[in-house]
Amino acid sequence: MCANTQKAPEEVQADQAEDAPIIDDEEFDRTIPPIDPALDSDVPMGSVKEWEAEQERLEEAARKRDVKEGVASLPALQDRDSSELLADPPVEDPEIDDPLTPIDRFDVEPFDESRYTEEAASGDVSSLRYTYTIEGLDALNGDSDIMPVDRGYIRARFKELSVLEDGNGKATNGAMVSARLQEDQLLLVNILHGQGYFDATVDGTVDLPESEDARVKVILAVNPGPRYQFGSIQFDAPSVIPAGLIANSFAPKTGEPIVAERVLAAEANIAVQLPQEGYPFAETGQRDILLDPELRSGDYTLPVTPGPRSSFGDILTSGTTAFDAEHIAVLARFEKGDLYDSRKVDDLRKALVATGLFSLVSVKPKQTGETAPDATEYASIMVNQEAGPPRTIAGEAGYGTGQGIRVEGKWIHRNLFPPEGALIASGLAGTREQGASLTFRRSNAGRRDRTVELGLSALHSNFEAFEAFTGGLGGRISYQSTPIWQKKLSYSYGFEIFGTNERDFNFDTGTRQRRTYYVAALPGQVTFDQSNDLLNPTEGYRITAKLSPEASLGSGTQVYGRGLLEATGYYPAGDSLVLAGRARIGSIFGAERKRIAPSRRYYAGGGGSVRGFGYQELGPKDPEDRPIGGRSLVEASAEVRYRFGDYGIVGFVDAGQVYTSSTPKFDDWRFGVGIGGRFYTNFGPLRLDVATPINRQPGESRISVYVSIGQAF
């Protein structure tokens, strides 16, 4: 058996220092004294190349461990070589110019050249197998009421970074196992330091097997020692406004164990909170923790330089600009003179990125030294931008029973008419619809998220309910929510002027006939949104009201109104379970059904309506069993949504009906049930739903399939 002990740095220097140790920010120097087999042919190390490769692997593992967040203790002690931490440091031989670690420090097997040659020929040069165990973690105060130690976390963290674990229980020889053991002793001490055990030591032993077929047993025995707690907590900083801003941002309190991740998180929180409260140039210095071994406590001091309390100043631009400062100010949710808040700066950066007109963009504060009227200092906002390509080709596709396959492609020039004046040419191809359109759109038109649109379109639709050839002109002004800024209140209003030639069933003649309608409409919409997410809500509710006064010319002039009210709600029944519901009611008033263009009537059925039925399949029908549409509708849906990782399962029940009267009758409801799958992406969930109607009638589909982006509601 061979053994060595890894001690805490304080213990090593306890006899050399009279003052209590001070913990600083330097990491342990994990360099292990090299053993070069090329210097002594008697060292049974296999080949020089293998040893060098192993040394490189250990160094790479140490580098990876250094950059892992929260691995090591907060701080290590003053710069010390890890060789000083060994219980028995290497002894130098005065007769050797280049001293090696004495060979008797390593318990290795005699070199069997024939066995090695056979294994190398077979491709297996790992002639030694080992297992490792960690003992002594039960001594940690896992049952403490104050920040109890999670032993499972310590084991998992060690396993993630251990070179013994990384070796998969294989090594070329015993020296390699010993080197890995020394690395992992340092690692385990570092992890224990991170939990406040600054006096911890780890003894490492290697038990050689009695037979060649058995595995070497590596044991890391932990002696944690006492757990240190916070003594005094002080901040070396000038006064700030409000007075307790820095202290209140630091969560650890006196009497709590000194846990590295908690301290680092608290310091990071100070660096976040100060810029949110008017200190954009705040900096935190290097912490000091003065340990008292007798009291088992550490007095914590953190230097903080808040810098001048600032308010927003002018917006400045640099680089290859897509926008000038005036338009950037439209996107900003702050005015000059408002108290500086880093969250609003980050919001401006996101809004600039969302325009899609930059390849690179950064937004940073800049000191001016200019005093504002409220005695703060103006901080200019420097926007460094590099304009990207303004043209985009995009496409989308979907499928629904009764609606068929639908593929749409777009060519967009997002800044043809600066600022943000886009030209959009689109084409639609599908089994039921074909069309083209040309649209002018100005985004952020004088106000953030306000959009002005004007477009021409031509569309051919061929559904079971009707066939239509439509051409029109439309315009809209909207103020909408976005994933960056979800608004409680959004709205849109506009106009539509179009002509449409449509075919549907004429009950007076008993035949299907074509009619031409000329329609002018003033559609408007208001949405009140109290949900927690625009694309995938899990709690809250939304209410949307739509109203469109319309005039129809053709087969007699008719003036009528189309109204629709919809409410959706979301309730989190657990961490991964959401209950969702939807109700919709609509009415067309002021005109007979037959005098309203078929494309302007109400229909139900389909992926966004009552699943289990084909598109527009529900409601009154003609003698040929084709939908004819109605003047009112009611719909309701209930879903149970379960999510696991990036995937989800949804069970749902939908119900609804369409009526020829302008007032819904709330009878003769039809129901559909089904199940769906979800794949969650950063732009919303991909949706696949499969449903079937309850009490299916002749001509109705047994199974309906719907593929789209986004939740059903």
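Contact here means heavy atoms within 4.5 Å. The model is predicted: local features need pLDDT of at least 70, side-chain atom pairs count only at pLDDT 80 or more, and totals for chains, interfaces and linings use all residues. Residues are numbered from 1 along each chain as its sequence is written, and side-chain values use heavy atoms, with hydrogens and water left out.

**The whole chain**

Of the 713 residues, 44% are buried, where buried means under 20% relative accessible area, exposed over 50%, and partly exposed in between (1.4 Å probe, protein chains only). Among contacts between residues at least 6 apart in sequence, 62% join residues at least 24 apart.

**The largest nonpolar core**

Select Tyr 130, Ile 154, Leu 188 and Leu 192, the residues with the most contacts inside the largest nonpolar core, which has 27 residues. Such a core is a set of buried Ala, Val, Leu, Ile, Met, Phe, Trp, Tyr and Cys residues joined through side-chain atoms within 4.5 Å. At least two residues of this core come from each of β3 (128-135), α4 (151-161), α6 (174-194), β5 (201-207) and β6 (216-223). The largest share, eight residues, is supplied by α6. A second, separate core has 19 residues, including Ile 315, Ala 332, Leu 357 and Ile 381.

Return to Tyr 130. Leaving out residues up to four places away in sequence, Tyr 130 touches, among others, Val 163, Leu 164, Val 177, Arg 180 and Val 218.

**Asp 150**

Next, select Asp 150, in the loop between β3 and α4. Asp 150 is partly exposed, at 47% relative accessibility. Its side chain reaches the backbone nitrogen of Gly 152 at 3.0 Å. Leu 140 is ten residues from Asp 150 in sequence, and their C-alpha atoms are 8.9 Å apart.

Move to strand β12 (residues 358-371) and strand β13 (residues 377-387), which run antiparallel and are joined by ten bridges; two strands pair if DSSP finds at least two bridges between them. Phe 358 has Ala 387 of β13 as its bridge partner. Five residues lie between the strands of this hairpin, where Ala 375 takes a positive phi near 75 degrees.

**β25, β26 and β27**

Display β25 and β26, an antiparallel pair joined by eleven bridges. Arg 582 has its bridge partner, Ser 637, in β26. On to strand β27 (residues 647-659), which pairs with β26 in the antiparallel sense over 13 bridges. Glu 639 is bridged to Phe 652 in β27. The hairpin of β26 and β27 has two residues between the strands, and Gly 645 in the turn has a positive phi of about 65 degrees.

**Arg 611**

Finish at Arg 611, in the loop between β25 (577-589) and β26 (632-644). Is Arg 611 buried or exposed? Arg 611 is buried, with a relative accessible area of 1%. Its side chain makes polar contacts with the side chains of Glu 639 (2.8 Å) and Asp 689 (3.0 Å). A polar contact is a pair of N or O atoms within 3.5 Å; within protein, one must be able to donate a hydrogen and the other to accept it, and residues adjacent in sequence count only if both atoms are side-chain atoms. Beyond neighbours within four places in sequence, the contacts of Arg 611 include Phe 652, Asp 654, Arg 678, Arg 687, Tyr 706 and Phe 713.

Conventions:
Helix = DSSP H or I, 4+ residues; strand = E, 2+ residues; numbered from the N terminus.
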